[in-house]
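Here is a friendly walk through one protein model, meant to be read with the coordinates open beside you. Shall we take a look together?

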Amino acid sequence: IIVQKPGSTTLFYIFTADAQGGLNGICYSIVDMTLNGGFGDVSTLNTNILPQGAEKLTAVRHANGTDIWIIMHGCTDNIFYSYQLTPGGLGAAVTSPVGCFYTNYSGGYDEDIGYLKASPNGRKLAAAIWEQIDTVQIFDFNNCTGVVSNPISIPFSGGDDPYGVSFSPNNNVLYVACWVNMKFYQYDLSSNNQATIIASQYLITSGNTSCAAVQLGLDGKLYLSRYGNSTLDAVNTPNGLGAA
């Protein structure tokens with residue numbers, strides 16, 4: 001994930017996570033656009049901030065309107081790490097032990113696979129937890145303190161493998177793309193009640209290729225990638241529930 005350093009027009013932080021809990025962990029690099037004759041170049045490369053982390057990175061604007069929270073999850077724990085990026089640089093992590101505990105299953109870190117996304121208003125997070133745990137969890141996020149809390153779980157059948165997640169523009173609908181069952185779902189979050197959210201499941205589409213990454217575009221549409229046929233589908237996302 002790439003964010004512009006608060007207070008700067010030329011410095012950009014690039015945060016990277018190693019695949020499937022790899023030992024390169026989560027790092028940041030800095031690109032300085034004043035270098036290389038104005039074309040930009042890397043001024044800081046691969047500074048490690050989490051020795052081993054899940055494939056879960058997102059960013060949320062701080063309540064002060066200037067700073068940015070960089071949020072990630074550990075590899076073999078249940079801890080979210082929120083780092084505040086300020087004009088002075090990256091601060092110490094705010095840790096939140098909450099939600100599913102990620103463990104080494106069968107010699108691999110499969111549950112580390114899957115996206116972490118924030119709602120447009122920055123008050124909710126959604127984490128897709130792959131394979132062994134097979135769950136999507138929704139959390140409250142305090143963009144003043146960086147604390148993650150109040151998990152709500154949406155369980156899936158064994159092996160469905162939720163992978164991509166995204167919120168609607170009005171923050172009230174969650175979209176989930178499943179890798180193995182090749183289905184794309186939506187859920188109404190407005191009740192903030194687990195049973196009601198699960199009961200609101202609506203199947204948008206299914207197919208013969210895996211549903212993978214989901215991204216909310218500036219045009220208010222979701223863009224869904226399908227693994228195996230290199231296609232990108234645009235799905236209308238109205239502010240309320242309904243057929244897409």
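In this predicted model, the largest share of the lining of the largest pocket comes from β5, with 7 residues. Strands here are DSSP runs of E with at least two residues, numbered from the N terminus, while helices are runs of H or I with at least four. The pocket has a volume of about 850 Å³, and 31 residues line it. Lying nearest its centre are I1, T58, A59, K117 and Q215. Besides β5 (53-61), the strands β1 (2-4), β2 (11-17), β9, β13 (162-167) and β17 (210-216) each supply at least two lining residues. By type, the lining divides into 18 nonpolar, 8 polar and 5 charged residues. Nonpolar covers Ala, Val, Leu, Ile, Met, Phe, Trp, Tyr, Cys and Pro, charged covers Asp, Glu, Lys and Arg, and the others, Gly among them, count as polar.

A word on how such a space is found. Rolling a probe the size of a water molecule over the atoms shows where empty space is left. On a 1 Å grid over the protein atoms alone, a pocket is an open set of points with protein on both sides within 12 Å along at least five of seven lines, whereas a cavity is a set where a 1.4 Å probe fits but cannot get out; lining residues have an atom within 4 Å of a point. Grid points are joined across faces, edges and corners, and the volume is the space filled by probe spheres set on the points.

Residues are numbered from 1 along each chain as its sequence is written. Because the model is predicted, local features need pLDDT of at least 70 and side-chain atom pairs count only at pLDDT 80 or more, while totals for chains, interfaces and linings use all residues; side-chain values use heavy atoms, with hydrogens and water left out.

Now to the sheets. β1 belongs to an open sheet of 4 strands, in the order β1-β2-β3-β4 with antiparallel pairing. (Two strands pair if DSSP finds at least two bridges between them.) β1 and β4 (41-50) stand at the edges with a single partner strand each, so one side of each is left without a neighbour in the sheet. The twist averages 20° from one strand to the next, with axes taken as lines fitted to C-alpha atoms (for helices over the stretch in contact) and angles running from 0 to 180 degrees between N-to-C directions.

β9 belongs to another open sheet of 4 strands, ordered β9-β10-β11-β12 and again with antiparallel pairing. Here β9 (116-118) and β12 (148-155) are the edge strands, each with a single partner, so one side of each has no neighbour in the sheet. Neighbouring strands in this sheet are turned by 20° against each other on average, direction ignored.

| Strand pair | Bridges | Facing residues |
|---|---|---|
| β3 (26-32) and β4 | 6 bridges | V31 and V42 |
| β10 (124-129) and β11 (135-141) | 6 bridges | K124 and D140 |
| β11 and β12 | 6 bridges | F141 and V148 |

β11 and β12 form a hairpin with 6 residues between them, and G146 in the turn has a positive phi of about 85°. Most residues other than glycine have a negative phi. N150, in strand β12, has a positive phi of about 55° although it is not a glycine. N36, in the loop between β3 and β4, also has a positive phi, near 55°.

Where does S43 lie? S43 is in strand β4 and is partly exposed, with a relative accessible area of 43%. (Buried means under 20%, exposed over 50%, and partly exposed in between, using a 1.4 Å probe and protein chains only.) Its C-alpha atom is 5.8 Å from that of V31, 12 residues apart along the chain.

Finally, the aromatics. The whole structure has 11 aromatic pairs. W130 and W179 form one that is edge-to-face, 6.3 Å centre to centre with 80° between the planes. Rings of Phe, Tyr and Trp (its six-membered ring) pair if their centres lie within 6.5 Å; planes under 30 degrees apart are stacked, over 60 edge-to-face, and the rest tilted. This pair links distant parts of the chain, 49 residues apart: W130 is in the loop between β10 and β11, and W179 in the loop between β14 (173-178) and β15 (183-188). W130 is buried, at 12% relative accessible area. Together with Y115 and Y163, W130 and W179 form one aromatic cluster.
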